Amino acid sequence: MEQYRRREDRGVRVDAFRALEDLDLAGLARARGAGPNWTKRCLDGTRTEVLMEIIDWIYDTDENVPRILWLRGRAGKGKSAIAHTIALWFKNVGGVGSCFCFSRDWQAEHLEEKIFRTIACDLAERDPAFRRALVGALATDESLKTTSDAALQWQKLILEPLCEVSGHMVGNVVIVVDALDE
């Protein structure tokens, strides 16, 4: 360490650079434009009760609390606004999460084939331990970067890396999926 401080040992800097370089996720096909949209959030002061219920659910540590929250209702009732608001709030507070929004405008992009790769990239951007686990999975199987097999993507890009780092993450992981029916 003293040699490094006196700049006598330059090899340490090179190794540190290589370590960061090895964590590159280039080539992992993501969906563009599928993240949260600030303009689609709830207006300030609206839907506060349901937003607080969801926030309370996110922070609930009871092991009997369901891990999936399904927000349902008729078209036009504000489900997307709530989803975007929660996703933007969680990102703003520094939580580890992702938001994936389907849209009829993007059907030609085959977003369904990119959902789990995109979510995995988002989680990797928010948590270094997850990033290392994801890079490890990709090093084992390069085809994961482009496969359209959603079940394989879920298993290898989300579930296994999350299981690997579960003891190292602080707080819950929140994944918001909006307009799945589209």
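Is histidine 168 buried or exposed? Select histidine 168 and look: this residue is exposed, with a relative accessible area of 61%. Keep in mind as you go that this is a predicted model. Histidine 168 sits in the loop between helix 7 (150-165) and strand 2.

**Next stop: salt bridges**

The structure holds four salt bridges. Select arginine 30 and aspartate 122, whose side chains meet in one of them, at 2.5 Å from N to O. Arginine 30 is in the loop between helix 2 and helix 3 while aspartate 122 is in helix 5 (residues 115-126), so this pair ties together parts that are 92 residues apart in sequence. Aspartate 122 is buried, because its relative accessible area of 13% is under 20%. Arginine 30, at 33%, counts as partly exposed.

Glutamate 125 is exposed, with 53% relative accessibility.

Move on to helix 7, and select lysine 156 and glutamate 160. They form a salt bridge in which the closest N and O atoms are 3.4 Å apart. Both residues lie in helix 7, four residues apart, or about one turn of the helix.

**On to the surface**

Select Glu49, Glu53, Asp56, Asp60, Asp62 and Glu63 to see a negative surface patch. One of them, aspartate 60, is in the loop between helix 3 (48-59) and helix 4 (79-92), and its relative accessibility is 31%, which counts as partly exposed.

For a nonpolar patch, pick Trp70, Ile175, Val177 and Leu180, which together have about 400 Å² of accessible area. Valine 177 belongs to strand 2 (residues 173-178) and is partly exposed at 36%.

**Last stop: two backbone angles**

Which residue has a phi near 55°? Select arginine 47: its phi is positive, though the residue is not glycine. Arginine 47 lies in the loop between helix 2 (11-21) and helix 3. Finish at alanine 179, in the segment after strand 2. Its phi, near 60°, is also a positive value in a residue other than glycine, and alanine 179 is buried, at 15% relative accessible area.

Definitions and conventions:
Residues are numbered from 1 along each chain as its sequence is written. This is a predicted model: local features need pLDDT of at least 70, side-chain atom pairs count only at pLDDT 80 or more; totals for chains, interfaces and linings use all residues. Side-chain values use heavy atoms; hydrogens and water are left out. Patches are made of residues with over 30% relative accessible area and no salt bridge: like charges are joined within 9 Å, nonpolar side chains (Val, Leu, Ile, Met, Phe, Trp, Tyr) within 5 Å. Accessible areas come from the Shrake-Rupley method with a 1.4 Å probe; for residues, only the protein chains shown count as cover. Lys and Arg count as positive and Asp and Glu as negative; His and the chain ends are not counted. The place of a charge is taken as NZ of Lys, CZ of Arg, CG of Asp or CD of Glu. Buried means under 20% relative accessible area, exposed over 50%, partly exposed in between (1.4 Å probe, protein chains only).
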